[in-house]
Amino acid sequence: MLQKLWNPEIETLSREQVCALEAPLIADQIRYVYQHSPYYRDKYDLAGIDPATIDSHSALARLPFTEKSDIAQAQQQGELFGPNQCCDFDDIIRMTCTGGSTGEPTRLGWTRNDIDGYNEMGARAMWAMGCRPRDLVISCLNYSMYAGGIMDHGAFETLGAGILPYSIGNSERLLEMLSRFPPRAAGYSLFMTPSYAVRLADIAQQNGIDLHRLNVTRGYFSGEAGLQVPGYRDKIEQAWGMRAMDMYGTAELGVQSGECEHRNGHHYCGAGLVAAELVDPASGETLAFEDDSVGELVYTSLRREACPLIRLRSHDIVRIYTEPCACGRHSFRLHTLGRSDDMFIVKGVNVFPLAIQEALLKHRPEISAEFFVELTREPPIDYRPRLCIEVSPTLNSKGYSGLAQAIVSTLQQQCNFSATVEFVAQGSIATEHKTRRLYRAYLDQAAPALEVLYRQ
Ligand SMILES: [Zn+2]
């Protein structure tokens, strides 16, 4: 009989036991980065911290945070992996990229042991979601550079599932291929973003394909929030006749959490590999790891060799649950509430306000390139967000429509994202303070009420 948990020994540990297990690993990882990375050495020396005293979760909280932008900045100055690279290049066997805050990919190196750790975490999360060696998973995440494709592929293989690397695009061909697969007692499984499952269902309908005849019985979802939104999971499950399960992770550190059959939050699957802390996103103060606490997750790699990350801010705001789950896992569970920074995802594409700004600059002087985006409904964002832009007073209103069209196509080309453009008078958006670029109306962050001169 197949076991219920992927790694019962680890997944049944209490928080206290996890902290005890991880304490010596924290000490080892800190000693390692201090020896091999001038970036961490300088940082700790500057803060007057003796690395030999960092040997527990509570001691870890004394160290400064790492921001993704620190690493990105060093890469922009010409380093391949950045100042946290701790091993020789000869030991690095894989490179992946993650979306950076500027939209520029940030590079990350992995040794064989690093990849093994990623696969172990991923296998725990995938097993929690119900994936088993009987599964034949068609992976429709992006295999071009990013972790979701190639890295998670390895985790499915580690678990023992069969996997077809399909990647993104070619939706009609995918549906055609699925409809030619022979019936299979265990059915077929999809691995994709939730919004893509919805889009595929639309395409199937347009092409007269009955999804219920495709024998796709399970869906594993990643890459964006969505399945926790009431009604959205039902919509996907009904459209496909499948059971849809969700996981959550960060590209830098791996897939660390997956929901179990009870669907009461995502089980954290990183014990012994990545230490998790909860902090107040505004003050950075460490928060107690208690049931129902809300805060930002901060991660520390424990066994990474190529590019260790110490106290990396995830900017993911989560609610945690510490009560043991009926599935037998004692790991804490989490529910993602949103991101503290400004990235948002439209139809599976990461959109950054800075990248929009860059695209808008092309259309000066007809517009001032002062703008904001308003997201009216909660993710998944499968609609065209409202993009409000200041227009020059010298432009005749007869030119508004053509200009709006041109902006839409620039955004499509540069950011792979579609918006509904609105023009407002020059000077009404920008303030002398930091101008806000993103409003999430569904979180009670309504955009300022402005007189709209033109609406697409
Ligand atoms: Zn559970």
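**Backbone exceptions in the loops**

Met-145 is partly exposed, with 14 other C-beta atoms within 10 Å. The scale runs as follows: a residue is buried if 20 or more other C-beta atoms lie within 10 Å of its own, exposed if 12 or fewer, and partly exposed in between, with C-beta atoms placed from the backbone.

This is a predicted model, so local features need pLDDT of at least 70, side-chain atom pairs count only at pLDDT 80 or more, and totals for chains, interfaces and linings use all residues. Residues are numbered from 1 along each chain as its sequence is written.

Stay with Met-145. Its phi is near 75°, a positive value in a residue other than glycine. Met-145 sits in the loop between β3 (136-139) and α7 (147-159). Helices (H or I, at least four residues) and strands (E, at least two) are DSSP runs, numbered from the N terminus.

Now move to Asp-292. Asp-292 is not a glycine either, yet its phi is positive, about 75°. The loop between β10 (274-279) and β11 (294-301) holds Asp-292. Is Asp-292 buried or exposed? Asp-292 is exposed, because 9 other C-beta atoms lie within 10 Å.

Next come the cis peptide bonds. One links Arg-364 to Pro-365, with omega about 5°. Pro-365 falls in the loop between α11 (353-361) and β16 (367-375). Where is Pro-380? Pro-380 belongs to the loop between β16 and β17 (386-391). The bond from Pro-379 to Pro-380 is cis, and its omega is near 5°.
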